[in-house]
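Try each task before you read its solution.

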Amino acid sequence: MAYTEKYFLTFCDAENRSCRVSILQDGFTGEAIELIGQEDPFKISYDNSDDFKFKAIIESEATISLIFDDATLSFSELWTSNERTFKVEYFIDSALEWTGIVTGK
């Protein structure tokens, strides 16, 4: 799969670090569009329901809070039958902190 950035969001977090959320699309060609985020636009939550403390993989989920109009982004575009179409990458000070796939939840 060849993911290319289609949308991005830049902001500073509470610790004044430079953050970037990239929404990439498989097979996309074109220029990336900058989006506007709400206050605290990116949150990660972890599934800690398992009592086994040495669990190798801990599930996580991210929420992106955006301000948008239909001319820039339509949510329906992100819900595809192929859940591998869109990928999200989250960077803090240019270092990759989190990555995941957009799912129709």
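A polar contact is a pair of N or O atoms within 3.5 Å, of which, within protein, one must be able to donate a hydrogen and the other to accept it. Keep in mind throughout that this is a predicted model.

**Exercise 1.** Find the side chains with which the side chain of E5 makes polar contacts.

*Solution.* Begin by locating E5, which lies in strand β1, the run of residues 3–12. Next, list what E5 touches when residues up to four places away in sequence are left out: R20, S22, I23, L24, F28 and A32. Then look at the side chains, where E5 is joined to S22 by a polar contact of 2.5 Å, and to R20 by a polar contact of 2.9 Å.

**Exercise 2.** Determine which residues touch the most other members of the largest nonpolar core, and which elements give two or more residues to this core.

*Solution.* The core has 15 residues, and those touching the most other members are F11, V21, I23, F42, V88 and Y90. Strands β1, β2 (18–26) and β6 (86–92) each give two or more residues to this core, with the largest share, four residues, coming from β6. Finally, take V21 and examine its contacts beyond four places in sequence, which include F11, F42, V88 and Y90.

**Exercise 3.** Compare how far apart S65 and E39 are in sequence and in space.

*Solution.* First place S65 in strand β5, residues 60–67. Counting along the sequence, S65 and E39 are 26 residues apart, while their C-alpha atoms are 7.9 Å apart in space.

How values were computed. Residues numbered from 1 in each chain as written. Predicted model: local features only at pLDDT ≥ 70, side-chain atom pairs only at ≥ 80, totals over all residues. Heavy atoms only, no water. Contact = heavy atoms within 4.5 Å. Core = buried A, V, L, I, M, F, W, Y, C linked by side-chain atoms within 4.5 Å. Buried < 20%, exposed > 50% of the residue type's maximum accessible area, 1.4 Å probe, protein only.
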